[in-house]
Amino acid sequence: MDTDLHQNQTLEQRSHLKFLERTRDLVLVALGLVFAGYHLRNSYFYQDQWDGISRALHMRPMQAMTTSINGHFMILDYWIHRLQVSAFGLQNHSFSIACMLVSLLTLNLVLIYGFRTLGLSGVTSSLTATVLTYMGAGAQNFLYVAQIFPILSIAVGLLAVFYVVGHEPSQYAGFVFGVGIFISVLLDSGMATIVFPAALVVVYCRWSLRLIWAIGPSLLFLCIWYLTADLSPHFASTKYEQLAFGFHIFLESIGSIIGSGQVAGLFLVFMFGVIARIGLQQKMYSQVEKIVCLAFLGSTALTVIAISISRAGVPEFTLFEANRYAHNIAIPFVIAFIPVGTVFLRSLALQFPNIRNLYLVRFLPIFLFGFVVISTQPTFVQYESSFTANNIKVHQLVQESVQVISQGCPTGTTLDTTSRPIGQLSPQVTTQLLFDLMTRDSLRADDTIAPSQETLDIMCLPRGE
């Protein structure tokens with residue numbers, strides 16, 4: 001009787017703990033979405049999004065779905081822009097923002113699942129996943145709505161890899177994994193390529209060579225794509241320039257995790273090497289931990305190589321303006337470090353039993369979370385303010401341009417449909433594109449908007465010219 005009562009109490013306690021863990025996870029995930037939504041509230045269609053809008057207007061579905069987007073295959077990009085233009089219009093950005101938030105939610109949940117699969121505690125998993133999803137110095141990946149499908153691709157690819165880590169090999173498991181990787185490729189071939197080394201290593205080492213077939217269709221598709229597609233522009237650079245570029249962008253991206261530069265990156269890489277070496281010497285790590293570390297180090301290396309080949313030689317390139325690359329490099333690096341780092345710290349705590357009673361150690365995940373958020377805040381604020389201001393400016397110029405088209409040009413001038421009224425803020429926007437959107441009622445004029453003289457000068461040419 002007493003035993004049954006004790007078991008019931010134990011079950012109730014476990015159920016209560018699980019409820020508290022789920023509540024904490026939901027709160028953290030919700031706070032992340034609120035944070036992203038708040039900073040996305042003033043966003044508008046920007047840069048590459050206008051290419052997607054143009055494809056939705058002027059291309060047939062099959063042509064649009066198979067057309068390279070800066071070298072990437074993104075089969076659903078067409079449909080989200082088609083739905084935006086046809087159903088929601090371009091008066092506001094709410095639908096695209098909602099899609100972006102769904103993408104970020106997916107990545108956050110996948111990372112929580114992955115870190116728990118790798119053996120992290122609930123609080124450490126939740127905090128690490130949240131800070132990695134909303135990495136302050138990689139804010140472009142949650143502020144720039146054109147990143148919807150790159151983020152989703154990474155999330156689905158990681159989910160497939162974590163699935164392998166957490167499940168025993170079987171034909172069914174191989175099929176599930178293969179479908180996940182293939183969906184990742186269809187969402188964004190470039191981001192899926194980043195996950196591929198991790199996928200290959202984990203399947204081979206965690207399962208067996210006979211289940212490599214599961215990745216075959218995705219690998220074949222990628223090979224065909226990269227051999228036949230119109231890839232992104234190539235910028236002239238020597239092998240030495242690419243090597244130097246890769247070295248610097250790697251260290252700067254790792255340093256960006258804590259909001260610093262290459263020196264901090266070098267320190268973090270050094271600490272990773274020390275922890276890994278000591279752990280291997282003392283045989284701390286299980287086979288799964290070693291496999292995951294090796295797999296995601298491979299993904300980190302391929303990410304750096306791919307970025308170096310495609311971006312070395314870009315005039316006036318700065319990681320601050322293209323900080324999505326820092327985020328792309330940080331994700332696999334952190335996943336590689338997390339399992340070995342956690343085991344090392346746990347082993348250290350066991351060697352010094354009294355240290356486990358110190359609040360500093362017990363609350364270490366929370367302290368680290370706070371440190372990373374605070375240290376990355378200055379970089380985030382600087383980038384976010386500039387990015388948001390650019391979005392607001394584009395929205396204003398679109399409204400002015402639409403009003404010019406609606407009311408007509410001043411006497412003695414005529415509308416130049418080839419003009420680009422948004423300028424370098426979104427050079428993809430032509431007057432003809434805005435006119436086409438107005439024809440479909442996706443954009444509407446607002447008589448309270450007074451076009452500036454600069455906008456009139458760009459859009460209206462003197463007759464006879």
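This briefing describes side-chain contacts, cysteines and surface features of one protein structure.

The structure is a predicted model, in which local features need pLDDT of at least 70 and side-chain atom pairs count only at pLDDT 80 or more, while totals for chains, interfaces and linings use all residues. Residues are numbered from 1 along each chain as its sequence is written, and side-chain values use heavy atoms, with hydrogens and water left out. The model holds two salt bridges, one disulfide and 25 aromatic pairs. Helices (DSSP runs of H or I, at least four residues) and strands (DSSP runs of E, at least two) are numbered from the N terminus.

**Salt bridges**

- A salt bridge is assigned when a side-chain nitrogen of Lys or Arg is within 4 Å of a carboxyl oxygen of Asp or Glu.
- Side chains of opposite charge can pair when their charged atoms come close.
- Arg55 belongs to helix α2 (residues 48-58) and Asp77 to helix α4 (residues 77-88), so the pair ties together parts that are 22 residues apart in sequence.
- Arg55 is buried because its relative accessible area is 9%, and Asp77 is likewise classed as buried, at 7%.
- Glu168 and Arg206 also meet in a salt bridge, with an N to O distance of 3.7 Å. This pair links distant parts of the chain, 38 residues apart: Glu168 is in the loop between α8 (148-166) and α9, and Arg206 is in helix α10 (residues 189-207).
- Glu168 is exposed, with a relative accessible area of 58%, whereas Arg206 counts as partly exposed at 22%.
- The C-alpha atoms of Arg206 and Leu266 are separated by 31 Å, and these residues are 60 residues apart along the chain.

**Cysteines**

- A disulfide is a pair of cysteine sulfur atoms within 2.5 Å. Cys409 and Cys460 are joined in this way, with an S to S distance of 2.0 Å.
- The torsion about the S-S bond of Cys409 and Cys460 is about -80 degrees, so this disulfide is left-handed.
- Cys409 lies in the loop between α17 (364-407) and β1 (413-415), and Cys460 lies in strand β2 (residues 460-462), so the bond ties together parts that are 51 residues apart in sequence.
- Cys409 is partly exposed at 21% relative accessibility, while Cys460 is buried at 7%.

**Aromatic contacts**

- A pair of aromatic rings is described by the distance of the centres and the angle of the planes.
- Rings of Phe, Tyr and Trp (its six-membered ring) pair if their centres lie within 6.5 Å; planes under 30 degrees apart count as stacked, over 60 as edge-to-face and the rest as tilted.
- The model holds 25 aromatic pairs. Phe272 and Phe337 form a tilted pair, 5.6 Å centre to centre with 50 degrees between the planes. The pair links distant parts of the chain, 65 residues apart, with Phe272 in helix α13 (residues 262-281) and Phe337 in helix α15 (residues 324-351).
- Phe272 is buried at 8% relative accessible area, whereas Phe337 is partly exposed at 27%.
- One aromatic cluster is formed by Tyr46, Tyr144, Phe320, Tyr383 and Phe387.

**Charges over rings**

- A charge sits over a ring if NZ of Lys or CZ of Arg is within 6 Å of the ring centre and within 35 degrees of the ring normal.
- Arg41 lies over the face of Tyr38, at 3.9 Å from the ring centre.
- Arg324 lies over the face of Tyr325, at 4.6 Å from the ring centre.

**Nonpolar surface patch**

- Patches are made of residues with over 30% relative accessible area and no salt bridge, with like charges joined within 9 Å and nonpolar side chains (Val, Leu, Ile, Met, Phe, Trp, Tyr) within 5 Å.
- Phe175, Val179, Ile183 and Trp213 form a nonpolar patch on the surface, and together they have about 370 Å² of accessible area. Accessible areas come from the Shrake-Rupley method with a 1.4 Å probe; for residues, only the protein chains shown count as cover.
- Val179 is found in helix α9 (residues 171-187) and is partly exposed, with a relative accessible area of 34%.

Technical notes
Buried means under 20% relative accessible area, exposed over 50%, partly exposed in between (1.4 Å probe, protein chains only).
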